[in-house]
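Subject: Structure for you to look at

Hello,

Here is the structure I promised to pass on. Please open it first, then read the notes below it.

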Amino acid sequence: MTAKLINGKDLAASIRRQLAQRVQALVDRGHRPGLAVVLVGEDPASQVYVRNKIKACSDTGITSIEHRLPADTSQEALLELIARLNDDETVDGILVQLPVPDHINPERIIEAIDPLKDVDGFHPNNIGNLVIGREGFLPCTPYGVMKMIESTGYDLTGKHAVIVGRSNIVGKPQTLMLLAKNATVTVVHSRTRDLAAMTRQADVLVAAVGKAKLIGADMVKPGAMVLDVGINRDENGALCGDVDTEAVSRVAGWISPVPGGVGPMTIAMLLTNTVEAVERRLLK
Ligand code: NAD
């Protein structure tokens, strides 16, 4: 068997095209959506992520307001900037690129963002809304994974979804989103005994670990749908996911590649949340 590809790059491009029309409709009503992007320090990976997010904004017609702060910026100064952005009517979404330097407490920063501008979906209010099934902002990466599954027409009802990884930004919110679509969900993690025995039961397998090619063909049920969230470097320095894509493609029914899978979808969902922030305020 050769797995069908879930092409996140193409899906993200189509979502961005649809968003550009929604942005134009808002501009016609007198408001161009604005996203404030805050980067503290010079982490090279963060710089790449921020650059990609800003480019995607401009392609979609969203104004991005970049705030680059030196690595020694105090927590107080960062909190003051967030307070100003919360009050700024031209700013619809606020994103503080993580990780922040060690002297800054990321939880304090996330909690300071107005939940109505929290387009990353990390604020406890938004996570709480997700837990109880109320409207809020969904964290972009697991939201993107849900859109990728949806794009295949796959019905999750009653299916067994296994998520590898339990982080606050991917694994845990992914669990809640899959539950909301009536999947039976198992979460496995670094302390799980016999990982392969668990992953082999998955109709849908989401890998969000950060370990290159951890998921091999012997860990995947024939015909399963495999979503690869990981961003790693392989032994040759090439970008790869948590899944051994080549081997698993021979077993799985569906597979998302890295690069060109979940990564571009994460950005598309960030833009979606930003446009929704405006629509909720102006149109509802
Ligand atoms: P994290 O380090 O916060 O969490 C990793 C999780 O994996 C933990 O819950 C841990 O228990 C589990 N884990 C670690 N080793 C394991 C093992 N051997 N077996 C089973 N579980 C194990 O990471 P994160 O922030 O959730 O990110 C995970 C990966 O996804 C990283 O590669 C990250 O770069 C990537 N990521 C990609 C995007 C994107 O846009 N594509 C977004 C966020 C994160």
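**What was found**

Val226 counts as buried, because its relative accessibility is 0%. Here buried means under 20% relative accessible area, exposed means over 50%, and partly exposed is in between (1.4 Å probe, protein chains only). Val226 sits in strand E8. Helices (H or I, at least four residues) and strands (E, at least two) are DSSP runs, numbered from the N terminus. Not counting residues up to four places away in sequence, Val226 touches Leu205, Val220, Val243, Val248, Ala252, Trp254, Ile255 and Ser256. A contact means heavy atoms within 4.5 Å. The C-alpha atoms of Val226 and Lys211 are separated by 16 Å, and the two residues are 15 residues apart along the chain.

Before going on, two notes on how to read all this. This is a predicted model, in which local features need pLDDT of at least 70 and side-chain atom pairs count only at pLDDT 80 or more, while totals for chains, interfaces and linings use all residues. Residues are numbered from 1 along each chain as its sequence is written, and side-chain values use heavy atoms, with hydrogens and water left out.

**The chain as a whole**

The chain has 10 helices and 11 strands. Its radius of gyration is 19 Å, close to the 19 Å that the globule rule gives for 284 residues, so the chain is as compact as a globular protein of that length. That radius is taken over C-alpha atoms, and the rule is 2.2 Å times the number of residues to the power 0.38. Along its principal axes the C-alpha trace spans about 50 × 40 × 35 Å.

Of the 284 residues, 50% are buried. Among contacts with a separation of 6 or more, 70% come from residues 24 or more positions apart. The chain exposes about 13,500 Å², and 51% of this is supplied by carbon and sulfur atoms. These areas come from the Shrake-Rupley method with a 1.4 Å probe; for residues, only the protein chains shown count as cover.

How many positive and negative side chains does the chain have? There are 31 positive and 33 negative ones, and the centres of the two sets lie 5 Å apart. Lys and Arg count as positive and Asp and Glu as negative, while His and the chain ends are not counted. The place of a charge is taken as NZ of Lys, CZ of Arg, CG of Asp or CD of Glu.

The chain is divided into domain 1 (32-114) and domain 2 (140-263). These bounds come from an automatic or database domain assignment. Taken over C-alpha atoms, the centres of domain 1 and domain 2 are separated by 29 Å.

**The loop between E7 and E8**

Ala217 lies in the loop between strand E7 (204-207) and strand E8 (225-228). Ala217 is partly exposed, because its relative accessible area is 27%. Leaving out residues up to four places away in sequence, Ala217 touches Ala247, Val248 and Val251. Val248 is also one of the residues that Val226 touches.

Lys213 is found in the loop between E7 and E8. With a relative accessible area of 34%, Lys213 is partly exposed. Its phi is near 55°, a positive value in a residue other than glycine.

**Backbone points to check**

Most residues other than glycine have a negative phi, and most peptide bonds are trans. Asn182, which is not a glycine, has a positive phi of about 70°. Asn182 lies in the loop between helix H7 (171-180) and strand E6 (184-188), and at 47% relative accessibility Asn182 counts as partly exposed.

Which peptide bonds are cis? A cis bond joins Leu98 and Pro99, with omega about 0°. Pro99 is in the loop between strand E4 (93-96) and helix H4 (106-112). The bond from Val258 to Pro259 is also cis, with omega near 0°. Pro259 lies in the loop between strand E11 (254-255) and helix H10 (262-283).

Ala56 is in helix H2 (residues 44-60) and counts as buried at 7% relative accessibility. Ala56 and Leu270 are 214 residues apart in sequence and 9.7 Å apart in space, C-alpha to C-alpha.

His31 is in the loop between helix H1 (8-28) and strand E2 (34-40). His31 counts as buried, at 14% relative accessibility. Leaving aside neighbours within four places in sequence, the contacts of His31 include Leu26, Glu89 and Arg281.

Regards
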